[in-house]
Amino acid sequence: MSDCLFCKIAAGVIPSTKVYEDETVLAFRDIAPMAPTHVLVIPKVHISGVSEITAENAALVGHCLEVAAIVAAQEGLENGFRVVSNCGADACQTVNHLHFHVLGGRKLTLEMA
């Protein structure tokens, strides 16, 4: 999608601080971190959100979660981490491109804002 922020980041049109990249997935630091470690993991192809996961793209989504674990290990999150994906306006999804937040580096609370 030509107007999608994360598609532009995946294409290299908008710069990011990459922490992982392969042919199908990109992980980069969030510009407004909510924890000491806050990395976004995205598929390079446009999927709007969790509600758009299908049998056809499930392997790619699974690979995104595999990358989340790789990133957590690279970041030294031995005591745990959280993986979050917001879906839709009521869940505060601000970019309509599937993405997983990898959060850690401190004790996280159970608050669901």
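Tutor: Let's start with a term: buried means under 20% relative accessible area, with exposed over 50% and partly exposed in between (1.4 Å probe, protein chains only). This is a predicted model, where local features need pLDDT of at least 70, side-chain atom pairs count only at pLDDT 80 or more, and totals for chains, interfaces and linings use all residues. Residues are numbered from 1 along each chain as its sequence is written, and side-chain values use heavy atoms, leaving out hydrogens and water.

Student: Is histidine 38 buried or exposed?

Tutor: Histidine 38 sits in strand β3, residues 37-43 (strands are DSSP runs of E, at least two residues, numbered from the N terminus). Its relative accessibility is 5%. That is why histidine 38 counts as buried.

Student: Which side chain makes a polar contact of 2.7 Å with the histidine 38 side chain?

Tutor: A polar contact is a pair of N or O atoms within 3.5 Å; within protein, one must be able to donate a hydrogen and the other to accept it, and residues adjacent in sequence count only if both atoms are side-chain atoms. The histidine 38 side chain also reaches the backbone nitrogen of methionine 34, at 2.9 Å. The 2.7 Å partner is the side chain of histidine 101.

Conventions
Helices (H or I, at least four residues) and strands (E, at least two) are DSSP runs, numbered from the N terminus.
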